[in-house]
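Here are some notes for a first look at this structure. Please read them with the model open beside you.

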Amino acid sequence: MLSQTEPLDDSGWTIKNVLSLPIVNKKEEIVGVATFYNRKDGKPFDDHDENLMEALTQFLGWSALNTDTYDKMNKLENRKDIAQDMVLYHVKCRNDEIQNVLNTRQVYDCEPWECEEEDLLDILKKDLPPLIKKFEIYEFRFSDFNCTELELVKCGIQMYYEVGVVKKFQIPQEVLVRFMYSVSKGYRKITYHNWRHGFNVGQTMFTLLTTGHLKRYYTDLEVMAMITAGFLHDIDHRGTNNLYQVKSGNPLAKLHGSSILERHHLEFGKFLLSDESLNIYQNLNRRQVDHVIHLTDIAIIATDLALYFKKRTMFQKIVDLSKTYEEEKKWVDFMSLETTRKEIVMAMMMTACDLSAITKPWEVQSKVALSVAAEFWEQGDLERTVLEQQPIPMMDRNKAAELPKLQCGFIDFVCTFVYKEFSRFHPQIQPMLDGILNNRKEWNAKKEEYEAKLKAIEEEKAAKEAAKAAKAGANNPTGGGSKTCSVC
């Protein structure tokens, strides 16, 4: 604090006293200096003024840091928008690709958006419905082995027509085609969790609802949401599980605290639907959209097996309750109004769909199991080389011969329950239980064959060791005592 008797400039302003304090941010960095001149009453600055101004400079320091943080957040937001734009560019169905399904250039010599809905429907009606019968889409035994990925896209589109939601909810047909095509592109070209798996889950959901008669508990809007969730449930899967995301420090693990990959698949699906040209829900009202998104959240997160084990007892109680109703109509009316119970059944349906490969005919199941195992072994290789950790047996390709044993354990402790309960709930779903029980026998036979080989090897090894010991004994009749001669 100081005073000056002479004017500072021509205006006649004189500095009588000064208080200067540093401006310090939260990082304790000096980002400026605050200087205060001439108290209004002419008195010198005192301790009270200094305390007051110190509080003010502290606030100024925080404000400066917040401004920097705001700028950084803006830049991060811009980077995110750029990254999303890049992703959408590579995933979104292009105008030339849509011609593979809606060949309007060939038929009408124009683009899809230049056509009437009736014209687009004529093209789709000619090509899509026959595929449903050809590939047995209504059957639990469906296999994608003889389908191209484009044919799977076409079958996926037709499913929306089969359940009657395209016309009811005014889904623009060009948008539906672009959406399904984009979903297929959103799956990575990896060993198992690819578009074929995504389609199989959507197809099983469709079959449970139709052939399995579970559709009677749900509205058409809910049916549309469930089938869509099936197709989206593993989009952009990386071929590694949740635990690997955590161990490897993947950004996904830092972003999502639990159900890491499931939440990523959900967010990716919502990201696609946020684009107007892919938004099959664009003509729903706000309440309908909220309900559809809510169900999609529950359905996709439910594919986390950790949550499946928590809900098994609740599902079993629902099945038990259904058996107390003598009249089917009363039970359906009751369940249709039970929101929580419907969501539990839907969650279990998602698990049944996700694991459905285990219920397929043996010639299909055995091949799919090898694909699943191959992807697990790839993760095991990463754990060994990148993380420098020993993978668990299921992920260890050096223990590939134990696959039948591992499959039996997986069937017994994870899978059988859900199909047993669903077949008890709805007898129409019995083929899935029959399939898994038959596959259990096949895997058990292979397990016993492997164990028999191990036993034979062990017996042969023991016999050789016994023969070697016997030969050593024959060459040394004294029993191997000391060779030193002793005189008593």
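Is Arg341 buried, exposed or partly exposed? Arg341 counts as partly exposed, because its relative accessibility is 27%. Keep in mind throughout that this is a predicted model.

1. Start with the partner of Arg341. Arg341 forms a salt bridge with Glu338, with the closest N and O atoms 2.5 Å apart. Glu338 is partly exposed too, at a relative accessible area of 24%.

2. Next, a salt-bridge network. One of the bridges runs from Arg39 to Asp49, whose closest N and O atoms are 2.7 Å apart. Arg39 sits in the loop between strand 2 (30-37) and helix 1, while Asp49 is in helix 1, ten residues apart. Asp49 counts as buried, because its relative accessibility is 10%.

3. Now a bridge across a longer stretch of sequence. Lys185 and Glu97 form a salt bridge, the closest N and O atoms being 2.9 Å apart. Lys185 belongs to helix 8 (residues 173-186) and Glu97 to helix 2 (residues 95-98), so the pair ties together parts 88 residues apart in sequence. Lys185 is partly exposed at 23% relative accessibility. Glu97 is buried, at 9%. The count of salt bridges comes to 33.

4. Turn to the rings. There are 18 aromatic pairs. Trp331 and Phe334 make a tilted pair, because their ring centres are 5.8 Å apart and their planes stand at 35 degrees. Both residues lie in helix 16 (residues 328-336), three residues apart, about one turn of the helix. Trp331 is buried at 4% relative accessible area, whereas Phe334 is partly exposed at 23%.

5. Compare a second pair. Trp362 is buried at 17% relative accessibility. Trp443 is buried at 4%.

6. Ring pairs link Tyr217, Phe315, Tyr325, Trp331, Phe334, Phe422 and Phe425. For a charge over a ring, go to Arg312: this residue lies over the face of Phe417, 4.6 Å from the ring centre.

7. Leu56, Phe59 and Leu60 make a nonpolar surface patch of about 270 Å². Leu56 is found in helix 1 (residues 47-91). At 36% relative accessibility, Leu56 is partly exposed.

Technical notes:
Residues are numbered from 1 along each chain as its sequence is written. This is a predicted model: local features need pLDDT of at least 70, side-chain atom pairs count only at pLDDT 80 or more; totals for chains, interfaces and linings use all residues. Side-chain values use heavy atoms; hydrogens and water are left out. Patches are made of residues with over 30% relative accessible area and no salt bridge: like charges are joined within 9 Å, nonpolar side chains (Val, Leu, Ile, Met, Phe, Trp, Tyr) within 5 Å. Accessible areas come from the Shrake-Rupley method with a 1.4 Å probe; for residues, only the protein chains shown count as cover. A salt bridge is a side-chain nitrogen of Lys or Arg within 4 Å of a carboxyl oxygen of Asp or Glu. Helices (H or I, at least four residues) and strands (E, at least two) are DSSP runs, numbered from the N terminus. Buried means under 20% relative accessible area, exposed over 50%, partly exposed in between (1.4 Å probe, protein chains only). Rings of Phe, Tyr and Trp (its six-membered ring) pair if their centres lie within 6.5 Å; planes under 30 degrees apart count as stacked, over 60 as edge-to-face and the rest as tilted. A charge sits over a ring if NZ of Lys or CZ of Arg is within 6 Å of the ring centre and within 35 degrees of the ring normal.
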